[in-house]
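Below are some notes for a colleague who is opening this structure for the first time. Please read them alongside the sequence and the model.

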Amino acid sequence: MRKLATVVGVALLLFTAATQTANAAAQQPVAASPCTAVGSNLYNRTYACAKVHHSVPVIVGTKEGLVDAVTAHEIQLNVKSRTFTDKISLEVHGYTGDANINGLTLSLSVSCGGTCKASVAGLRGIPVKIGEKAQGTVTFSDSTTTQNRTKASYSFAPSPGFSGPGIRETSPEFRCDNLIGGQGAGCVFPGYIPTMTTMVTLPNIAANIRRIQAAGPSHFGRKADGKPLTRSTKPKVESNNRNVACPKSRKRPAGKSCDEYPFAKTNQGASLSKQPDWGWAWVPTSEQNSQGGRVGAFWKSDRVLDGDPFWVAV
């Protein structure tokens, strides 16, 4: 796990070095921020928070000082909207040095790339004095009609008459897209790999998945082994995988359906892998009929696009 860095002299926060939290439903907001301690840096598919200490150099003429400050971010994306927010706070904890910082203020500006736009409310002209606390909100909106992957760049700049780098930060990469049929546009953190959990209540299909994941050697989709499945939206990949794993020539018993794993709509399916990394089993047709809808719902709930990795927990 990489750690956050606070570099004296540039005060650069590597906000992208986040520890992945336990998987949660992508569209479910977090009730309370888990980033309560300095050094916290967590994210999942639609939520990110960080609380970080900065030593901020200040130069006035030939005199210098260091401002001790803490920033906190809480970003909540939305899988059904291209508009989302980052709640930000800044706290001034102390100052050392011989530069006179009377009149020093910090003001936040934010930018993002491509079709993304950022609007800042609050966090302007914040007095740099011990005990000062300020809060504000950045609202992001993305007009992409396809997809836009970008990061937000934050800068708390000092007021005129003072020099120094201020505080500069970078968000995790986020992706907004309008590529999922029947879902509308939305945004996620693509660096977080989501987990499909809905197969566990289909007992025969779940047993087949567990058997094939355990057989290996790649153990595709099993998180502990580090090789996720990746979605394919290409019809030819799907048909080739089905033809190898569950050919139409194989006679189906009454009430049974051929279930394959990895799923046909992945780049690890039967036509693209070698046994025992793939396999099949007879399962009740009722389970097979449920599986397709659950897989499709997962693509929507976590905005899993072509090539996106994901885990399967059973």
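1. The lining of the largest cavity has 7 nonpolar residues, 1 polar residue and no charged ones. This comes from a predicted model. The lining residues are V56, P57, V58, V67, L106, V128, P158 and G166. Strand 4 (residues 47–60) gives the largest share of that lining, 3 residues.

2. About 40 Å³ of space lies in the largest cavity. Searching the whole structure for cavities of 30 Å³ or more finds 1.

3. The largest pocket has a volume of about 410 Å³. It is lined by 22 residues, and those closest to its centre are E238, R242, A264, K265 and Q291.

4. By class, the lining of the largest pocket divides into 8 charged, 7 polar and 7 nonpolar residues.

5. Which elements each supply at least two residues of the pocket lining? They are helix 2 (235–245), strand 18 (256–261) and helix 3 (285–301). Helix 3 provides the largest share, 6 residues.

6. T195 stands opposite W311 of strand 20. Strands of a sheet pair through backbone hydrogen bonds, in either a parallel or an antiparallel way.

Conventions
Residues are numbered from 1 along each chain as its sequence is written. This is a predicted model: local features need pLDDT of at least 70, side-chain atom pairs count only at pLDDT 80 or more; totals for chains, interfaces and linings use all residues. Side-chain values use heavy atoms; hydrogens and water are left out. On a 1 Å grid over the protein atoms alone, a cavity is a set of points where a 1.4 Å probe fits but cannot get out, and a pocket is an open set with protein on both sides within 12 Å along at least five of seven lines; lining residues have an atom within 4 Å of a point. Grid points are joined across faces, edges and corners, and a volume is the space filled by probe spheres set on the points. Helices (H or I, at least four residues) and strands (E, at least two) are DSSP runs, numbered from the N terminus. Ala, Val, Leu, Ile, Met, Phe, Trp, Tyr, Cys and Pro count as nonpolar, Asp, Glu, Lys and Arg as charged, and the others, Gly among them, as polar. Two strands pair if DSSP finds at least two bridges between them.
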